[in-house]
Amino acid sequence: MTLTDSHSGRRLTARGAKTRARIVASAAELMYVKGVAATTVDDVLAATGSSKSQFYHHFKSREALVRAVVDHVGQTVLARERESLGNVSTLRGLRRWRDALVQSNALRHGAYGCALGALASEVSDHDDLARKALSQLFAEWRGLLADVLRRLQADGVLKSEVSVDQLATGLMGALQGGYMLAQAERDVSPMATSIDMALAHIESLSAT
Amino acid sequence: MTTHFVDVLAIEDAALAQVTNREDMTRWRRRVVRELMRPQSRYATALRRVPDSAAGRDFLVTWQGLLTAAVERVLSSENPPEVRSAAGRRHHDRRAADELAVLILAALHGGGLLSRVADDPAPLEAALDIALAPLTTPSARRGSCPADERPGGNMNR
């Protein structure tokens, strides 16, 4: 069976697709822990047991690998967020969403930040293709938050005059900033505080 | 501490010391947004370096302290001691000022990152709208910035 590589358009065998996926997943993990700049192709090859020829069969360059990692991490994060936000239609549900993110980050003492935010921080200034892909991914994530706020508005919980898109964007900013503060301080507390304060602001806009 | 951290803290120390009311906080906001939207500014460079640097934590802690003091002054200006109610006393709670300072810092970092990625000041403005809601005038909201203060206009590089 042959598959098509979504990035290069080249045809891959099922085995080739598995090799490519393994390289991308391993690179994503290494870049999350060590950072993008500090992760070399040799690191990835060592972690996957792949050869250089296998690597360059799938990726023209290290930049191509980074873009594939952006795509992979983005889809993983969005799948998680669709699962956790998809049925949220109450403020309590939004607080449970917050609890899950803070708890997950607390397990690592905030050490690595948001997987998508950390990538954005490192690559946006150097790779315009990656920046545009990240912009689209964050827009989709923000859209999920806006959908929650729209449901709150439809249920009469949030005032009708509130701009849900703008509020969702602000909440996303507080979330990403919270992750970054937690990463710098190796302590999840500022992340918890910033999301709590942002949610308190949303609650202050309630219709009742 | 790296040069960019030292430079930004020196500017913020002087600037935030002058923030005593909502109008002052609104002016502070406009200036910081202008700085953050210039990719090579000391502010943008400093925030990019925070996660990578051991000095980043000290930078954040110091800036948060300056913000907390400014927030306390702004809140005090609206709830002078002689007319302070129980709710007013809560406003003056140091912890509340600290929490607002954390949210402001988060908005600058997170909103700033999203704005860099989108190449658009809107996410930074939206994040600051939330963080500064208790502390700025309604005209400080996104879209009501005077033309000569908008990012991209009349800036010194």
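**Exercise 1. How many helices and strands are there in chain B?**

Solution. Start with the ground rules: this is a predicted model, where local features need pLDDT of at least 70, side-chain atom pairs count only at pLDDT 80 or more, and totals for chains, interfaces and linings use all residues. Residues are numbered from 1 along each chain as its sequence is written, chains are lettered from A in the order in which they are written, and side-chain values use heavy atoms, with hydrogens and water left out.

Step 1: helices (H or I, at least four residues) and strands (E, at least two) are DSSP runs, numbered from the N terminus. Step 2: go through chain B and you get seven helices and zero strands. Step 3: written out along the sequence, that reads α-α-α-α-α-α-α.

**Exercise 2. Check the span of helix 6 of chain B, and say how covered the helix is**.

Solution. Step 1: the expected span is 1.5 Å times one less than the number of residues. Step 2: helix 6 of chain B has 25 residues, so it should span 36 Å. Step 3: its end C-alpha atoms sit 35 Å apart, which agrees. Step 4: now count buried residues (under 20% relative accessible area; exposed is over 50%, partly exposed in between, with a 1.4 Å probe and protein chains only). In helix 6 of chain B, 19 of the 25 are buried, so call the helix mostly covered. Step 5: look just past the helix, where Asp119(B) takes a positive phi of about 55 degrees.

**Exercise 3. Find the largest nonpolar core and say what helix 6 of chain B gives to it**.

Solution. Step 1: a nonpolar core is a set of buried Ala, Val, Leu, Ile, Met, Phe, Trp, Tyr and Cys residues joined through side-chain atoms within 4.5 Å. Step 2: the largest one has 111 residues, and Leu65(A) and Trp28(B) are among those with the most contacts inside it. Step 3: helix 6 (residues 94–118) of chain B supplies the largest share, 13 residues.

**Exercise 4. Describe how chain B meets chain A**.

Solution. Step 1: using contact (heavy atoms within 4.5 Å), 28 residues of chain B meet 31 residues of chain A. Step 2: the buried area (accessible area, 1.4 Å probe, that two parts lose on being put together, summed over both) is about 2500 Å², 72% of it on carbon and sulfur atoms. Step 3: on the chain B side, Leu114(B), Val117(B) and Ile130(B) lose the most area, together 24% of what that side buries. Step 4: count salt bridges (a side-chain nitrogen of Lys or Arg within 4 Å of a carboxyl oxygen of Asp or Glu); you'll get two between these chains. Arg116(B) forms a salt bridge with Asp125(A), with the closest N and O atoms 3.3 Å apart.
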